[in-house]
Amino acid sequence: MLDDATLLRRYAENRSEGDFAELVRRHLNLVYSAALRQVNGDTHLAQDVSQLVFTDLARKAATLAGHRVLAGWLFTSTRFAAAKLVRGEHRRRTREQEAPLMQEQDPTAALDWERVRPVLDEALAEMDERDREAILLRYLEGCDFAQVGAKLSLTDNAARMRVDRAVDKLRGLLARRGVTSTATALSLALANQAIVAAPAGLAATVTGAALAGTSTAAAVTFMSLTKLQVGIASIVVATGAGVYAVQEKNNDALRAEFLALPPKSGAIASLREANRGLERTVNQAASLQVSDAELVRLRDEAVALQHQLQATDSRPARTRAAPAVVPTLRIGELFKKPVATFRKAPAYPAALRAAGINGKVIVSLVIDSTGKVQQAKVDESSHAGFEAAALEAVTAWQFEPGLARGRAVNTRVTQVLEFNADPDAVPPGDWF
């Protein structure tokens, strides 16, 4: 038996209605049961939700083909679809049911399904995906432990343990919502109540509606791609040999220009197909006669083709080569050190000068390959008040950049800036 992923992939590639119908048959009870719980037993709404879910599945078949277990996606999609249909009514009913759900319940008694149903899907949604898949497969799709293990790549015993742990976690989540029970009672309730058979004929209705929804989208796409070809193919040419020859010559020139274009996109491929349709039509219609009005239509189509050629003939600008990466080196790695062309001393903060405070700031910076200072930052300072003045000064410095291997490079340097109230003090030292 083919797995879900194979059926989805075959449907996405070939639009095989039989494959999709098999998917609906396999999972309809799961979707319908979940929908019925979430719409408080409204069978009509549950059928609408089922149809929405499988329509969405058909539309997303290509992207979902890689899902290992489809049940998880169907469950989540059912929750979203039901919430969309029920909206505020669902919230109102849930609030009304919260009060009785908070009443005490004997955990040894049989679990009241009417208390579980309104909150089951909310609790399932909070579970880890692997645990949720185990419960969905075991209880909501009716798989035995061997089938659960096969789908989850587990042994039969490991699948049984996974399901037992998942049921225990679900029991805890339900207890937080006022529904207390034992794991055994919960398992029994899920096995007996969670799956509700979908109404007879719903599978056929859902399959037809889902496929019709995707066919409509496909038809719109097909019509947009072949509009030009269909328009040209509907023209039968020539009121006279002379007029026909002139028009055919013009169209031949358009075809030659069109075929000279390189294939740049899917749109070009569509236009090439339209051109082949035009050529077949001209060959078939060369011996027929048409009215002047039809000849005008032919000329209009030729003008439209010309516009298409002009639109697609705009060549994309040549991609600029990525700029070469400029290395950043230390002073000792250079053939020639940077030479300052503009270098001013930092402004001495007035308050510190008046107080007679001297100090120094060690600044690291990068002199880029154009001679500008980048990435200046303070590494160390004797007084925070000197830092802003030091950074302002070095940022304005300009240099002839350092050289290595005959080219300008970025140079990472460290500079000590001295702040000395003595006007005869030695200026800042060299790089290091």
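Trainee: At roughly what angle do the axes of helix H8 and helix H10 cross, and within what distance do they come?

Mentor: Two packed helices are described by the angle between their axes and the distance between the axes. In this predicted model, the axes of H8 (residues 129-140) and H10 (residues 156-175) cross at roughly 105 degrees and come within 9 Å. Angles of 65 to 115 degrees count as roughly perpendicular, and H8 and H10 are therefore roughly perpendicular to each other.

Trainee: Which residues in H8 and H10 meet?

Mentor: H8 contributes Arg-130, Asp-131, Ala-134, Ile-135, Arg-138 and Tyr-139, while H10 contributes Arg-162, Val-163, Ala-166, Val-167, Lys-169 and Leu-170. By class, the residues of this contact comprise 7 nonpolar, 5 charged and no polar.

Trainee: Which residues touch the most other members of the largest nonpolar core?

Mentor: In soluble globular proteins, nonpolar side chains tend to be buried together. Here the largest nonpolar core has 66 residues, and those touching the most other members are Phe-20, Phe-54, Leu-57, Leu-74 and Leu-170. Helix H2 (residues 17-38) supplies the largest share of this core, with 9 residues. A second, separate core holds 22 residues, including Leu-352, Phe-386, Ala-389 and Phe-399.

Trainee: Which residues does Leu-170 touch, leaving aside those up to four places away in sequence?

Mentor: With that exclusion, Leu-170 touches Leu-120, Ala-123, Leu-124, Met-127, Ile-135, Leu-186 and Leu-190. Ile-135 belongs to the H8 side of the contact with H10.

Trainee: How many helices and strands does the chain have, and what percentage of its residues is buried?

Mentor: The chain has 17 helices and 8 strands, and 40% of its 432 residues are buried.

Notes
Residues are numbered from 1 along each chain as its sequence is written. This is a predicted model: local features need pLDDT of at least 70, side-chain atom pairs count only at pLDDT 80 or more; totals for chains, interfaces and linings use all residues. Side-chain values use heavy atoms; hydrogens and water are left out. Axes are lines fitted to C-alpha atoms, for helices over the stretch in contact, and angles run from 0 to 180 degrees between N-to-C directions. Helices (H or I, at least four residues) and strands (E, at least two) are DSSP runs, numbered from the N terminus. Angles under 35 degrees count as roughly parallel, over 145 as roughly antiparallel, 65 to 115 as roughly perpendicular and the rest as oblique. Contact means heavy atoms within 4.5 Å. Ala, Val, Leu, Ile, Met, Phe, Trp, Tyr, Cys and Pro count as nonpolar, Asp, Glu, Lys and Arg as charged, and the others, Gly among them, as polar. A nonpolar core is a set of buried Ala, Val, Leu, Ile, Met, Phe, Trp, Tyr and Cys residues joined through side-chain atoms within 4.5 Å. Buried means under 20% relative accessible area, exposed over 50%, partly exposed in between (1.4 Å probe, protein chains only).
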